[in-house]
Amino acid sequence: MSQLGTPMVDPTVERRANRMMMVILAVVCALLALRAVVGSSVGSGDAAVTEHGFGLVYVQESSKGFVSEQSTEKAADGTEVEVRRWKPAAPGQTPEISWTEWNEVTAGEWAAAQRARADAPASAPLVTVSWPRTAGVWFAALMTLAVLSFLWRDNPVYKLAESVVVGVSAGYWMIVATWDTLVPKLAGALVPAWTKAHLMPSLESAGVDWWGLVPLGLGMLLLCRLSARVSWLGIFPLAFVVGTFAGLRFVQNVESDLLAQVATMFEPLVVVKHQALAGADAAVAAPIDWAGSIGASLSAVLILVGVLSVLAYFFFSLEHKGALGRTAKVGVWYLMITFGASFGFTVMGRIALLAARFEFLFDDWLWLIDPSGKH
Amino acid sequence: MSDRPNESFLARLDRIDRRWIFLMMAIAVAGPIIWVGVTGRTFPETATPAVQGAFDAIERLPEGSKVLVSFDFDPASAGELQPMATGFIHHCQLRKHRIYAMTLWAPGSPLIGATLADVIGNDPSYRYGENFVDLGYQAGNEGVMKQVGVDFPKAFPNDSKGTPLARIPMMQGITRLSDFDILISVSAGYPGGKEWVQYGVSPTLTQGHRLPFVAGSTGVQTPQMIPYYPVQMSGILGAIKGAAEYESLVNAKASAPGETVPAKYQEAQRRMAPQLFGHSLMVGLILVGNVIFFAGRRKGAAE
Amino acid sequence: MGRNAAAVLASIVGLVMVLTAFARPLEFLGTAVVDWFNVLAAIAFVLGGANLLKMNLLKISARDAGWGYSAVTVCVFLVTIGVGLLKVGAHPDPLHPDVALSGDKEAVGGAFWWLYEYAMSPITSTLFALLAFYVASAAFRAFRAKNTAAILLLGTAFIVLLGRVYVGVLLTSWIPADNAWVSWMRLENLSGIIMGVFNNAGTRAMMIGIAIGIAATSLKILVGLDRSYLGSSD
Amino acid sequence: MTFAVTILAQDAAPAAGFMPGWFMPGKGLLAISLIIVAAAVMISILWARSGRPIRIRKIAGLDAVDEAVGRATEMGRPVLFIPGIQDVDNIQTVAGITILGKVAKTAAEYDAEIEVPTTRSLVMTTAREAVHASYLSAGRTDSYNPDRIYYVSDEQFAFVAYTGGLMQRKRPAACFYFGCFFAESLILAENGNSIGAIQVAGTAETTQLPFFVASCDYTLIGEEFFAASAYLSGEPDQLGTLLGQDLVKGLAWAAVLVAALLATVAAVTGHEGIASFVNGARAALGGG
């Protein structure tokens, strides 16, 4: 693979980079081992134990049982129908359907449960380490480091993280589209009874909605693209979508951006502010607040100048010369200030995101800090 | 870089491998996190007018006012926005307002339950259905906002657990958006605060009285929201800084001086330490970059 | 022939959509088409998914460089779809425990949740966090005072960056806050003015321009002047 | 415009008569505005068709497109084109695909390889149509390879992970970003920068423009992005639409100025008629 244009053109540099990666990996492993030897204190008071592991997730068992009962209810059209309703089983009742859920608990709760286990009844809910979730935290931490390693250079660990995230996310959005769109909006519209019985018992439907055939038909035409012979039919759904949204966006943008933004300009350029006096009677004219008035008037004028000059910058059919050129130049200045402000504001959010990732590594994985009392 | 031995220090600095900058940023952010995590100390915050405006808008309402909170964000933006959501709910709880929580972002619905449980938790004076309700997620973006404006029960026929609104005591008398006393939106993008102004708040003006509106927004979105303050919005919390300022206002009201504030109400303030060092690094980099630039230009002119 | 018919279809449906904003009997279409589009996009996943599989399987069968990564992608993709469709490990809805597929697909503890929580979410949010590094290197390289425009860009970024943290507040804390004639010069107030005045004006004007640009682009589609999305080159 | 405001501010009641109740109330001004916009664009197109010359100012970034594709050909490296990360229901994506058609035509003429990763299945399908047509019109159907236009993932950052890696490995000589972008803008542009590619970007997402401005060689700002396809085509009809956009912009410019002046007059003189007109106009335009 060519390495043109990067600091790493040279095979010796390349070799040195590979050696460096090995060293970094060794250092990381050594630090993890050290972390395990040091251990951390879990729980408080008498229940405190020293735990040499870290990045562990603890769960508590919770049994759920359900019983059903038959009843007759009046349907919307007045006829009586048999309904089977489910409710949680009362203590002592034998459930018809049951399963176990596992809820996350803190390390402190786990330590307390370990201590109390000796004299607790056999039916007390089990508190234990969840290995799938612990493995998850470790996997997440290693993937976090793998992505960060891209800053150093493209490398096999990053490529692994990349192939995992592409596969998972493509699958994820397809599943979300299936359960959140296809099932309620397509199956729920065209075969409501079947959908209600097998997929979405909470579906409320007033019968078959024939409008559901429109997207189904468009979808079938689109899938024609899979066959070379009828592939040309696939442009009709595209034309439908692009045409539809061209119409919708045309109206929306003129209404909510063009007209509404012009409307915001109905602001006076001269503003007179009065000093706010505590308890002053409204009828008594308070003295003029000169600083406030001049500031507000100046702001209004600067906003007007800005809007007009930036708009002037966008004129395409006139050369930017003479008065228009000068106005457009002021417009560019306004744009640059806008961009600088936007940039400055965004930095804050980006650093917060990075901080959140570091917090995950230090808190959930390495147990170095504990701001929320989880362990 | 040994290929140009006669190069000046500044010129070499100009061609610095950007990975050194990456390393500096990593240290500037990670260091303070550990420091704050170990010592538990945070920086003091003074509220800017937009944040004070948001605080006052909620503070000003009489006890038991109806507050609609829209959680329009997902876990990806929770780093910036969760402290705001927690702060708003905490403030409403202190003022004993009635809380109506909803979301227009599908991934936002679990966040409502978690936030309400975290803040209101075991407060005996807060009973579900009487003092707070979780209305859950409704698909349809600004369509829902328009619907909420004219017919609230049609937009939200039941709460997140499927209970019809008619059976929820605190929903009595809520027919449309303007029946609420204030609207709070914590949003990470579309649909969010901007759409609430356009489709939710602006129409209430034509109905006679303006619905007070307070927004919490990410750093990226804040510049787009600013044009609406203070006319359409009573206040705005911009990015983690806004959240930290608001947190300190609410905490000052909640606890006496010297009393320890629970860690969950200081999330944003804790995150300001990495911000401080990160911003300082950025400012330093811009300065150094320009020193290099001017030095290079003078040298160029001299030759 | 087919393309002309498609372009006519686009124009007709587009004009109907314009009318939905005005004609009460058509109002429902405005929201219905958004649903239809979502269904169509969901069906289109078949095309995208098939393409993703095809590309990666070709790489694997040809033993191209990095075919092992393609194998990882294919496996993870198929596993995600499998556990998501069958809702593996997700319990049914407590109100309908007899309907196996009635549960929340993302219920905590399920396999799909695990993939989201421990694979997709940490990787995507770390990628998002990479931006903190890139803003730093971009600022170092690009924010040089080359001309007036660049000075304004970097100067504004400078003020806003400082005005948003404690140091900036300290730097100008000597300016009296209660004197309205000078208090605007305090960094935290200055960044407020930049946002409220300059940024406000710039954003408004850009929004007006963009609205006009979108309107013109939409019109070109509605009258059939722009057909490149249909593949015709004219 | 202001004339229309007067009429509509006074009479906001639904129009009775023909099909009563069909026309939604309060939408009159919007309808008039849409007609004005449409008429301005149409008249300009007809004007252009009549053969009258239209002068258009230069946009630096667009002259760079040909040069960048040419350089990629010389270096034997691919051209990367990203039409944003939104679906075809977003007009920016459609505008991006139109520009893709023009870039692909240049690439076909130079015989440069073009690579288009997408985040949506429908965008992939649409982009293939556009690129295929370009190769067809350049007479190079033999070198058209649909496999170079493909779907990656709907997830924004999975797409970024893939594209970032792709840039480091394939080292495209030219990168074009035209469409709707969010946070990925800077990751893409900084990666492109680190491999020394010529980069041209265009978007109407105002929040992302600063990052493109900082990291790309040329950036088309907001409306310039929508004008790009007309520029690149050079056809009279297309250039006519630019003239139409300018007409509308001129009207908006005047409206902004008149609005501010009227509001000032109302505030300074305290004239009740003007004040009520200002309030009515603001409400009718949706300014709240």
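**Interfaces and the words for them**

Student: What makes Lys105(C) and Asp180(A) a salt bridge?
Tutor: Their side chains meet at 3.2 Å, N to O. A salt bridge needs a side-chain nitrogen of Lys or Arg within 4 Å of a carboxyl oxygen of Asp or Glu. So the pair of Lys105(C) and Asp180(A), at 3.2 Å, is called a salt bridge. The count between chain A and chain C is two salt bridges.

Student: Where does chain A get the largest share of its side that touches chain C?
Tutor: From helix α4 (residues 156-190) of chain A, with 27 residues. Helices are DSSP runs (H or I, at least four residues), numbered from the N terminus.

Student: What kind of model is this, and how is it numbered?
Tutor: It is a predicted model: local features need pLDDT of at least 70, side-chain atom pairs count only at pLDDT 80 or more, and totals for chains, interfaces and linings use all residues. Residues are numbered from 1 along each chain as its sequence is written, chains are lettered from A and ligands numbered from 1 in the order in which they are written, and side-chain values use heavy atoms, with hydrogens and water left out.

Student: How many residues of chain A and chain C are in contact?
Tutor: 118 residues of chain A are in contact with 116 residues of chain C. Contact means heavy atoms within 4.5 Å.

Student: What is the area buried between chain A and chain C?
Tutor: About 10800 Å², 84% of it on carbon and sulfur atoms. Buried area is the accessible area (1.4 Å probe) that two parts lose on being put together, summed over both.

Student: Now chain D. Which domains does chain D have?
Tutor: Domain 1 (2-53 + 236-284) and domain 2 (60-233). Such bounds come from an automatic or database domain assignment. The C-alpha centres of the two domains of chain D lie 36 Å apart. Six residues from domain 1 of chain D and six from domain 2 make the contact.

Student: How much area is buried between domain 1 and domain 2 of chain D?
Tutor: About 460 Å², with 55% from carbon and sulfur atoms. In domain 1 of chain D, Gln238(D), Leu242(D) and Gln245(D) lose the most area to domain 2, together 74% of what that side buries.

Student: Why is the pair of Lys249(D) and Glu223(D) called a salt bridge?
Tutor: Their side chains meet at 3.0 Å, N to O. The rule finds one salt bridge across the interface of domain 1 and domain 2 of chain D.

Terms used
Helix = DSSP H or I, 4+ residues; strand = E, 2+ residues; numbered from the N terminus.
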